[in-house]
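Dear colleague,

Please keep it open while you read.

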Amino acid sequence: MARIEIRQVTKRYESAEASQGPALENVSLTIADNEFVTLVGRSGCGKTTLLNIVAGLVAPTGGEVRVDGRPVTGPGQGKGMVFQQHALFPWLTAIQNVEFAGKSRGVPRQERRETASELIELVGLRGFEDKYPVELSGGMQQRVAIARALALDPEILLMDEPFGALDELTRIEMQDELLRVWSSRKKTVVFVTHSISEALVLSDRVVVLTARPGRIRQEFAVDLPRPRERTDSRLLTLHETIWQNLG
Amino acid sequence: MRRTARLRDAMLGAAGTLGVLLVWEAVARSGAVSPAVFPPPSVAIPEALRRVPPGELWQHVSASLLRIVWGFCLGAGPGILVGVASGWYRTLGVLVRPVIELVRPIPPLAWIPMAIIWFGLGEPSKVFVIVLAAFFPVFTNTYKGMVGIDPLLLRAAQTMGLSGPQLLLRVAVPAALPDIATGLRVGWGLSFGILVAAELIAAEQGMGFLIMHARLLGEVSVIIFGILLIGATNLVTDACLAGVIRRWLGRWHAT
Amino acid sequence: MRPSGKTSAEGGARAGGPSRTGSRWLGVAFLGGLVLLWQLGSLAGLLKPFYFPPPSRLATAFWELAREGFPEGIRIGTHMAVTLGRIAEGYLLALGVAIPLGILIGWVPVLDRLTLPLITFARSVATLSLLPLVIVWFGAGELSKVLLIAYGCFWVMLTNVIASVKYIDPLLIRAARTLETDGLGIFRRVVLPAALPRMFAGARVALGVGFMVIVGAEMIGTIRGLGALIMEARTYYRSDISVVGMVVIGVLGFTISAGLERLERLLLPWNRGLESVRR
């Protein structure tokens, strides 16, 4: 059974933009267990909306999303999420941020600490546990955000342009980091970005969405072993094809 | 869609206000407290207007407004000038700011006795107190605005050959304008607050005087009316000020 | 373009100035210089002591207030205590109501919309304009003063508390929801901490209002308290005492405000000019 099933999802907003068509229209997609799928498209094509619907933060106007065969009713519940603006709680230190979900779940303190410590180590921030977000660089903040999302060991990781606010060099670094983390803790990942090259470096499959109405234009499988050379000619060809497809 | 939302907000607001007025009316009429001391709005307002006819009322309002405008201009003007200069010329700032910051915590009203000694019991002493109320917030906000200018803007202007006074007037001050505007609004509001007390200094006209005088005569309705009048005048003038600011800044500054 | 050696925000385009420590000494020196000029001016006969009591006079007046008291033997310590006591009562009363009420209104949008015009108007009512009314209703005693201060502090605090809750970055709440937290948990662990910085800011402004109002409130019906002291001194032509009163209030206001700031930095170490607020 597919890990995530998106069935005929439609989302309409009541606003000035509504006249231009629904944000999403009849979007269907299945995502297999431990698959890394990226949604790409121009701004406004609904990719973030779709991600929010999968996350359970937003309800679709039509259609439904199923995880492990069961319909999605709300956020959390095995779906970790990372946002573009790190959304770390500024009044908590890095490690306290990572422990946050554990505390909500009632995980005992010792266990919480241990898990959080491991994750901090995993994302390469050993020594920075007691720093506040404001004391960390952009890349570090996102690492904490990723660690935080992984705290309850979710089966699914949803990432909404997590590296969009970072500079180019840090972005590349973070992409490699993400792949490293993912390889040690396999999860189903749904990643949103507007950068085709980022999508190609990271994913098993790239799904192109077009805007107004938001629809899936085409899907591209990326069958190359990781880690991938960013200058690999096969990637460049794919890049060109997808670029044409953006519309 | 947005229009209906705004309409709904307005109606909710009106409903809330109406609710309070009704409660006031009901409680006042219930007789729990003597109506002479706590009149309902339906009685208080007409009676106040009877005792102080609109012509006389206007005299008081205009007298107060005149004082505030004088005080505000004399306070805000130097506030902006000193604020801009201190923010721009660091040495000046270093010298001037501690003095101002030390004087600032002294409430304007505390200056009244000295104001009377220096200026007598006439208009100048009242205006002086308002000047103080307006000066400090305008200075503080202007200074903050000047110091917080994005250095990038200045650097960009320099690459275009600007320097010195030109740089100050054509780039720095406009950049600090939003903060200056905030300071002006706060200063205006504070000026209003001080007005009543300032008018205690043997005034013969003005909204503050009106209330004080009514107390001596025991005319509660006039007191209540006066209070509401001051509040309303404050609100209206502040809204006008905000409107003017929005007209100037609104296009390029997201408030 | 000539390259600038300074890259900090303070350097570059603006006229250069002294260093940090240099600034501090210069500022102090200037201040000291002004005080000295003041004293000298008085000695030289340029500044009449009645109009501009020199620092030496102020010192002796302060001593007199500390030892013998004025008027009628009320010492400076008593005046300070009385004034601070009144402010404290009004302030705490105001905050005690404004904080829970503000959180409630900020959290429930309907309440916010119902009360908005009311709160806006009530804030525009000059607190001191209520003085005559409050005297008619409650007499010229302690209660009136405390209520007046409470009124002034209340509306300022209320608006700030409402804003602190209302303008929380919704992203933080979203993040919390993806972290298996909802309802009460979000309120306690996300909304309240996120609102604290702005609430502290409101508390500081409200305190300032309290100090502003107290002087006016103490002008009537009392001879105890710093405001009363300042006024009473005038009737006895003791301008030096008036100025001492002014300085004492100023110092008190300054110290307490600085104390609050220190407290805030202690309790909110993560908030360095950064706000978890949308605007």
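The notes that follow take up some strands, a helix and a domain assignment in turn.

Please bear in mind throughout that this is a predicted model.

I begin with the strands of chain A, where strand β1 (residues 4–11) pairs with strand β4 (residues 62–67) in the antiparallel sense, the two being joined over five bridges. One residue to look for in this pairing is Thr10(A), whose bridge partner in β4(A) is Gly62(A). Strand β4(A) also runs antiparallel to strand β5 (residues 70–71) of chain A, to which two bridges join it, and here Val67(A) has Arg70(A) of β5(A) as its bridge partner. With two residues between them, β4(A) and β5(A) form a hairpin, and in its turn Asp68(A) has a positive phi of about 50°.

Next comes helix α2 (residues 94–105) of chain A, in which the buried residues are Ala94(A), Ile95(A), Asn97(A), Val98(A), Glu99(A), Phe100(A), Ala101(A) and Gly102(A). What covers these residues comes from two chains, and it includes α3 (109–122) and α4 (138–150) of chain A as well as α7 (170–178) and α8 (184–217) of chain C. Just after α2(A) you will find Gly106(A), which takes a positive phi of about 85°.

Finally, for chain C, the domain assignment gives domain 1 (4–47) and domain 2 (63–278), and the centres of domain 1 and domain 2 of chain C, taken over C-alpha atoms, are separated by 33 Å.

How values were computed
Residues numbered from 1 in each chain as written. Chains lettered and ligands numbered in written order. Predicted model: local features only at pLDDT ≥ 70, side-chain atom pairs only at ≥ 80, totals over all residues. Heavy atoms only, no water. Pairing = 2+ DSSP bridges. Helix = DSSP H or I, 4+ residues; strand = E, 2+ residues; numbered from the N terminus. Buried < 20%, exposed > 50% of the residue type's maximum accessible area, 1.4 Å probe, protein only. Contact = heavy atoms within 4.5 Å. Domains from an automatic or database assignment.
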